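I opened the notebook to look up how the parts of this chain are held against each other. My entries follow in the order I took them.

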Amino acid sequence: MIRTNQSNSTVARGTENNNTIFCRDVVDGLRADMKHLQSKYFYDAMGDRLFQRIMNSPEYYLFNCELEIFSTRTADLASLLLQPGGSFDLIELGPGDCTKSGYLLQHLVKANADFTYVPIDISTSIIQYLETQLPQRIPGIKISSLEGEYSEMLAKAATISRNRKVILFLGSNLGNMTPEQALAFSRNIRSHLQKGDLALIGLDLKKDPNTVLAAYNDKEGITRQFNLNLLKRINRELKANFDISKFEHYPTYDPATGSCKSYLVSQEEQSVCFIAGNNLEVINFKKGEPIYMELSQKYTTDEIGRMAQQAGFSTAGFFYDSKGWFVDACWKAI
Ligand SMILES: C[S@@+](CC[C@H](N)C(=O)[O-])C[C@H]1O[C@@H](n2cnc3c(N)ncnc32)[C@H](O)[C@@H]1O
């Protein structure tokens, strides 16, 4: 779906509807030897609200670290992005409610920068929120939003204009992919850019394992609810009968590889049914069997630099928070 607050135009996307794709991904994931669900499906309206609460939890340092970078280094970030000159499209992948990027957008609008903000998000409620709220929060901003998957919408965004492009991919969202997938995705971003275009990539850094693990296991149990909410979504949208009380949230962190993984573990032997098209799907769980829910990969700056290079970028700058826990890397297409 393409929406723009200037023309109100709407372009239908794809022929398969979202429910069919969701259903197919859930069936494929739960039928696999290692049962898994895709983390992009966390973000229904309740998932968006729970993620807001995770961001405000004391253990989830990622948000505050990157917020510090965006709120205290706004002018430096803006001057780097403005340096090549001319009008540009600022394309943000998975912006959420724009709390962090909002600082940059505000600064750019105040500086009379000639840019169109293109948020790409799979969540309908996020896109609706940005379309209605952002022009009120930042009067004068030009928005052309795209609702859907990163890759599909990025390809569309690349054709919107001949302007130079700046990509924002914050919040360690790239860390939800394996390092191999992240490299392939970075190459995909590069394929839509011209030489000299920029990308600002927010990634979480390897650090004390206890600090990392606590961020995915907050005391209030919000991350637990966030994970279980996907089972509730499957119950509601695919008429399934997951008994939420029979699954428990289990996060792990391996400091050697930097992989932080979340699982939901079946507390007993059980079967779950749901409707997939015209079929009744029955998924059997053994006691202790996990569903792999999400990866949050941590990096070193060297690893981030290597990824940039292998994807066709040079590193134009690193912006760290004061603890040195999180980095926004500015990549320049070469
Ligand atoms: C973890 S939130 C991060 C929000 C924001 N970037 C930040 O740093 O605070 C992830 C956002 O990306 C969106 N998202 C997740 N997977 C996506 C995908 N595959 N395609 C498009 N949007 C996606 C979600 O709807 C959500 O708004």
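Entry 1, a charged pair. I looked up Glu248 and Arg224. Their side chains form a salt bridge, at 2.7 Å from N to O. I am working from a predicted model. I then asked where the two partners sit. Glu248 belongs to strand 8, residues 247-254, and Arg224 to helix 10, residues 222-238, so the bridge ties together parts 24 residues apart in sequence. The background is simple. Side chains of opposite charge can pair when their charged atoms come close. I also took the overall count, and the rule gives 17 salt bridges.

Domain 1 takes in 2-12, 56-208 and 299-333. Domain 2 takes in 18-35 and 219-297. I noted 29 Å between the C-alpha centres of domain 1 and domain 2.

The area buried between the two domains is about 760 Å². Carbon and sulfur atoms give 45% of that area. On the side of domain 1, Glu59, Asn176 and Lys206 lose the most area to domain 2. Together these three account for 48% of what that side buries.

I looked for salt bridges between domain 1 and domain 2, and the rule finds zero. I then looked for polar contacts. There are four residue pairs in polar contact between the domains, with both residues at pLDDT 80 or more. I sorted the residues on the side of domain 1 that touches domain 2.

I looked up UniProt. Its unreviewed entry places "domain: Histidine-specific methyltransferase SAM-dependent" at residues 24-332. I computed the makeup of that span. Residues 24-332 are 39% helix and 27% strand. The end C-alpha atoms of the span lie 37 Å apart.

Notes:
Residues are numbered from 1 along each chain as its sequence is written. This is a predicted model: local features need pLDDT of at least 70, side-chain atom pairs count only at pLDDT 80 or more; totals for chains, interfaces and linings use all residues. Side-chain values use heavy atoms; hydrogens and water are left out. Domain bounds come from an automatic or database domain assignment. Buried area is the accessible area (1.4 Å probe) that two parts lose on being put together, summed over both. A salt bridge is a side-chain nitrogen of Lys or Arg within 4 Å of a carboxyl oxygen of Asp or Glu. A polar contact is a pair of N or O atoms within 3.5 Å; within protein, one must be able to donate a hydrogen and the other to accept it, and residues adjacent in sequence count only if both atoms are side-chain atoms. UniProt positions are given in the numbering used here, feature names are shortened, and annotations may be inferred rather than shown by experiment. Helices (H or I, at least four residues) and strands (E, at least two) are DSSP runs, numbered from the N terminus.
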